[in-house]
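Student: Could we go through this one together, step by step? I'd like to know how to read it.

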Amino acid sequence: QVQLVESGGGLVQPGGSLRLSCAASGTIFSIYAMGWYRQAPGKQRELVAAITRGGSTNYIDSVKGRFTISRDNAKNTVYLQMNSLKPEDTAVYYCNALIRTVGHEYDYWGQGTQVTVSS
């Protein structure tokens, strides 16, 4: 059984920072791409940032220069450092990872963590 557990969400004022973490646990042979998605009320889930096992990254335009995705392969953990937060960043943030486990590869999701940017 593989699980992704997120932490680090919360309420922050505009211009503030938060750091999200997502740790994978269970029977894991390898983790390929990892990413962070978000879903705001009434909107579709969107990919915010992704990182390959080798460290290549990509971001949606609206967060470039403000958010940084990173990963620690030894800890099976991915991070999202969010700076200069704006109200429009408010959403539930979900961790995603393509993981090779016993018998198959599968896209796993975390439970989601709420990020609210408001004064």
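This is a predicted model: local features need pLDDT of at least 70, side-chain atom pairs count only at pLDDT 80 or more; totals for chains, interfaces and linings use all residues.

Student: Okay, is Gln114 buried, partly exposed or exposed?

Tutor: First, find Gln114 in strand S11, which covers residues 113-117. Strands (E, at least two residues) and helices (H or I, at least four) are DSSP runs, numbered from the N terminus. The relative accessible area of Gln114 is 40%, so this residue is partly exposed.

Student: Which residues is Gln114 in contact with, leaving aside its neighbours within four places in sequence?

Tutor: Contact means heavy atoms within 4.5 Å. As a distance to compare by eye, the C-alpha atoms of Gln114 and Glu6 are separated by 10 Å, though the two residues are 108 apart along the chain. With those neighbours set aside, the contacts of Gln114 are Gly9, Gly10, Thr90, Ala91 and Val92.

Student: How many helices and how many strands are there in the chain?

Tutor: Read along the sequence, the pattern is β-β-β-β-β-β-β-β-β-β-β. Counting them up gives 0 helices and 11 strands.

Student: And why can we call the chain as compact as a globular protein of that length?

Tutor: We use the radius of gyration, taken over C-alpha atoms, and the globule rule, which is 2.2 Å times the number of residues to the power 0.38. For 119 residues the rule gives 14 Å, and the chain is close to that, so it is as compact as a globular protein of that length, with a radius of gyration of 14 Å.

Student: What percentage of the residues count as buried?

Tutor: Use the cut-off for buried, under 20% relative accessible area. Applied to the 119 residues of the chain, it gives 40%.

Student: Which cysteines does the disulfide join?

Tutor: A disulfide is a covalent bond between the sulfur atoms of two cysteines. Here the term is applied to a pair of cysteine sulfur atoms within 2.5 Å, and a search of the whole structure finds 1 disulfide. With an S to S distance of 2.1 Å, the pair is Cys22 and Cys95.

Student: How many residues apart in sequence are the parts that this pair ties together?

Tutor: Both Cys22 and Cys95 are buried. Cys22 belongs to strand S3 (residues 18-25) and Cys95 to strand S9 (residues 91-101), so the parts tied together are apart in sequence by 73 residues.

Student: Is the disulfide left-handed or right-handed?

Tutor: Look at the torsion about the S-S bond of Cys22 and Cys95. That torsion is about -75°, so the disulfide is left-handed.

Student: What about Ser25: which residues is it in contact with, apart from neighbours within four places?

Tutor: Ser25 is partly exposed, with a relative accessible area of 35%. The contacts of Ser25 are Gln1, Val2 and Gln3.

Student: Where is Asn76 found?

Tutor: Asn76 has a positive phi, near 50°, and it is a residue other than glycine. At 24% relative accessibility, Asn76 counts as partly exposed. Its place is the loop between strand S7 (67-72) and strand S8 (77-82).

Student: Last one: is Ser119 buried or exposed?

Tutor: Ser119 sits in the segment after S11, and its C-alpha atom is separated from that of Tyr106 by 39 Å. With a relative accessible area of 83%, Ser119 is exposed.

Definitions and conventions
Residues are numbered from 1 along each chain as its sequence is written. Side-chain values use heavy atoms; hydrogens and water are left out. Buried means under 20% relative accessible area, exposed over 50%, partly exposed in between (1.4 Å probe, protein chains only).
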